[in-house]
Each structure stands twice: as structure tokens, then as C-alpha cells.
Amino acid sequence: MKVVKTIKEARGIIKRAKEKGNIIGFVPTMGALHRGHLSLMRTAKNKCDYVVVSIFVNPTQFGAGGDYRRYPRNLEKDLKLARQTGADLIFVPKVPEMYPEEQLSWVEVKKMQARLCDRFRPGHFQGVATVVTKLFNIVQPDKAFLGQKDAQQARIIKKMVKDLNLDVKIEILPTVREEDGLAMSSRNAYLNSRERKAAAVLYKSLKNAGCSIKNGEKKAGKIIQKMRRLIKKEPLAGIDYIEIVDPESLTPLKIIKNEVLVSLAVRIGKARLIDNIQIRCKKGKK
């Protein structure tokens with residue numbers, strides 16, 4: 001496994017790998033790797049010949065007063081974990097390498113980025129879309145692997161790739177969870193033991209919503225109300241949003257038809273946790 005810090009080095013190594021006929025897989029990360037990231041890397045390794053992983057905490061997706069400076073960083077541990085997955089190249093640029101001068105060009109995926117999380121983190125997805133575009137231009141992957149846990153981010157990147165005719169296939173893989181259902185996230189490290197126990201309410205509420213949908217409930221508002229009541233029973237939890245949306249366009253739904261994405265963001269202590277489930281509703285009326 002090779003570790004490089006510059007765009008020039010990364011491009012040179014990847015170019016030689018491509019010249020050998022290798023299919024290039026790519027997993028973009030901000031480090032603080034956990035089993036969810038490792039699952040993406042292992043899948044990439046199974047489906048591609050040569051796997052590139054980026055580790056870059058992108059400052060442009062953090063708002064004023066965000067947690068950029070305290071975002072967990074442990075490169076030595078990350079490299080050890082990545083090596084276990086069989087990753088071939090780790091790209092770990094510094095901020096001046098990715099943003100050598102004032103950034104005047106930005107990528108936006110309008111409508112989709114304005115929904116769900118962006119109301120609480122304005123400008124976040126502009127930063128995400130821009131840095132991912134930069135990384136795609138550097139790595140030139142054939143396939144990129146993203147997690148379902150970050151559903152809005154994954155759908156925005158997928159739409160961006162389609163709209164901009166980027167030659168990369170996006171694969172979105174299932175959320176990896178702890179035993180109590182909490183979605184794996186780098187921000188789980190912010191939770192103390194009491195907060196960690198409280199965080200289980202997120203998945204519990206999503207499972208209850210899934211049961212309601214499977215049992216034929218069609219009114220999104222009723223399901224959201226039940227979720228709110230359940231989460232509010234946990235005194236440490238503060239709700240940013242709970243929404244039921246179309247899984248591709250992220251358009252809010254009032255009546256549930258076909259497949260839907262139930263998505264939420266909840267603050268517990270210093271951590272802002274997001275999660276979702278995608279579920280197909282039961283046919284029939286209610």
C-alpha cells in the first residue's frame with residue numbers, strides 16, 4: 001500500500017495503474033475510519049483491480065462554528081485499518097494542496113442540496129460537491145463507493161455525476177450498524193457513555209417508522225409524529241428534522257407511495273447524528 005500527499009504523485013501512480021488495464025475503485029473519506037468505511041473499501045477491492053482511498057478533512061463543508069478543528073483525526077490508525085482491506089493507494093493531501101489559492105469555482109446541485117441537512121448546515125453540500133468533483137478529477141476512478149448512511153450526500157453526488165457527464169459509476173452500499181442499530185459514524189466518538197446509550201433511539205424510531213409503512217400507513221405526517229414522540233422521550237436528544245422523502249429527488253412526501261426514504265438528524269451532546277432507512281410501502285390503502 002502506497003501513501004502519497006500530492007496531487008502530482010497520486011495522478012502519476014494512478015495513470016500507471018490504468019495503463020496496465022486496471023479498473024480503478026475509489027473511496028473518499030475524511031478519515032477517523034470505522035467498519036462502515038472498511039466495508040466500502042473491501043467491496044471496492046472485490047469489484048475493482050486497484051483501490052484508491054482519500055483521507056481529507058475538507059474545510060469547505062464545515063460552517064462557521066462547526067466542528068472542523070475538533071473533527072477526529074488519527075492518520076496512523078487509519079492507515080493501519082486501510083492496509084487490512086487491501087487498499088492500494090492512500091491519498092492524504094493537506095489543505096494547501098487541495099486549495100492552493102482562493103477558491104472561486106464551486107459546484108452546486110440545486111434543489112437537492114437545499115433539502116434536509118443543508119437547512120441546518122448551510123453551504124455544506126456545496127463544499128461536499130466541490131471537493132468530490134476535485135477528487136474525481138484527480139483520481140479518475142471507474143467506480144466510487146459511498147455509504148447509504150449519508151443518503152443525501154450520496155444522492156447529490158450521484159446526480160452531480162449524471163449532470164456533469166462524469167465518467168464514474170456511483171455505488172451506494174448499505175449502512176453498517178452497531179449491535180443496537182446505531183449507524184457507524186466518525187462523530188460517534190463525540191458521545192460519552194450516557195449519550196451513546198441515548199443515541200440508540202435514532203434507529204429505534206426508524207424501525208418503528210418502517211413497521212408502520214409495512215403495515216400500510218400512507219400518511220407521512222402521522223409516521224413523523226410518532227417518531228417525534230418516541231425521540232422526545234429521550235431527554236438528551238434534540239431533533240433537527242425528521243422527513244419522509246423520495247429516495248432519489250429527496251422531495252418531501254405527504255402520501256407514501258412506492259419506495260421512500262425516512263431520514264432524520266438528531267443532536268445528542270456535541271454530536272449531530274444522521275440516519276435513514278429506505279423502504280418500499282405495502283400496497284393497499286389506509
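Which residues is Ile277 in contact with, leaving aside its neighbours within four places in sequence?

1. Ile277 touches Arg177, Tyr203, Leu206, Gly210, Val260, Leu261 and Val262, leaving aside its neighbours within four places in sequence; contact means heavy atoms within 4.5 Å. Ile277 sits in strand β9 (residues 271-280), strands being DSSP runs of E, at least two residues, and helices runs of H or I, at least four, numbered from the N terminus. With 15% relative accessibility, Ile277 counts as buried (under 20% relative accessible area, 1.4 Å probe, protein chains only).

2. A word on the basis: this is a predicted model, where local features need pLDDT of at least 70, side-chain atom pairs count only at pLDDT 80 or more, and totals for chains, interfaces and linings use all residues. Residues are numbered from 1 along each chain as its sequence is written, and side-chain values use heavy atoms, without hydrogens and water.

3. Now to the helices. The axes (lines fitted to C-alpha atoms over the stretch in contact, with angles from 0 to 180 degrees between N-to-C directions) of α8 (residues 200-214) and α9 (residues 220-232) come within 9 Å and cross at roughly 150°. The two are therefore roughly antiparallel (over 145 degrees). Among the residues making this contact are Val201 and Leu206 of α8 and Ile223 and Leu230 of α9.

4. Finally, the cores, each a set of buried Ala, Val, Leu, Ile, Met, Phe, Trp, Tyr and Cys residues joined through side-chain atoms within 4.5 Å. The largest nonpolar core has 44 residues, and helix α5 (residues 124-139) gives the largest share, 9 residues. A second, separate core of 33 residues includes Ile223 and Leu273.

Technical notes: Parallel < 35°, antiparallel > 145°, perpendicular 65-115°, else oblique. Buried < 20%, exposed > 50% of the residue type's maximum accessible area, 1.4 Å probe, protein only.
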